Amino acid sequence: YAIEVAITIDDPGVEEAPGYRASEINKRILATLKKKKIQAALFVCGHRVDHPTGRALLKAWDDSNHWITNHSYSHLNLH
């Protein structure tokens, strides 16, 4: 039997902070996906592209042949 699982990652952070390096976390996620031969979909908010780190993150995902999907522009909370 073959088992298929969908892997998605929702709205990745791009801001760097003490103890939280978004760029390093992204590299580790991509390395793990590559090691395990997993293709994933990244659901990203459009406003991430307005930030240089966000553009680099998207390029890394694109260069790794993962899917990049639209998750709205700003991820507004409508409640």
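Biologist: In which helix does Asn26 lie?
Modeller: This is a predicted model: local features need pLDDT of at least 70, side-chain atom pairs count only at pLDDT 80 or more, and totals for chains, interfaces and linings use all residues. Residues are numbered from 1 along each chain as its sequence is written, and side-chain values use heavy atoms, without hydrogens or water. Helices (H or I, at least four residues) and strands (E, at least two) are DSSP runs, numbered from the N terminus. Asn26 lies in helix α1.

Biologist: Is Asn26 buried or exposed?
Modeller: Its relative accessible area is 8%. Buried means under 20%, exposed over 50%, partly exposed in between (1.4 Å probe, protein chains only). So Asn26 is buried.

Biologist: With which side chain does the side chain of Asn26 make a polar contact?
Modeller: Asn26 touches Leu57, Ala60 and Trp61 (heavy atoms within 4.5 Å), not counting residues up to four places away in sequence. In α2, Leu57, Ala60 and Trp61 also meet Ile29, Leu30 and Leu33 of α1. The polar contact spans 2.6 Å, within the 3.5 Å limit for a pair of N or O atoms, one able to donate a hydrogen and the other to accept it. The partner is Trp61.

Biologist: At what angle do the axes of α1 and α2 cross?
Modeller: Helix α1 covers residues 22-35, and α2 covers 52-63. Their axes come within 11 Å. The crossing makes α1 roughly parallel to α2, a label for angles under 35 degrees. The angle is roughly 5°.

Biologist: Which residue in β2 is the bridge partner of Ile9?
Modeller: The open sheet has the order β1-β2-β3, with parallel pairing (at least two DSSP bridges). Strands β1 and β2 are joined by 3 bridges. The partner of Ile9 is Leu42.

Notes: Axes are lines fitted to C-alpha atoms, for helices over the stretch in contact, and angles run from 0 to 180 degrees between N-to-C directions. Angles under 35 degrees count as roughly parallel, over 145 as roughly antiparallel, 65 to 115 as roughly perpendicular and the rest as oblique.
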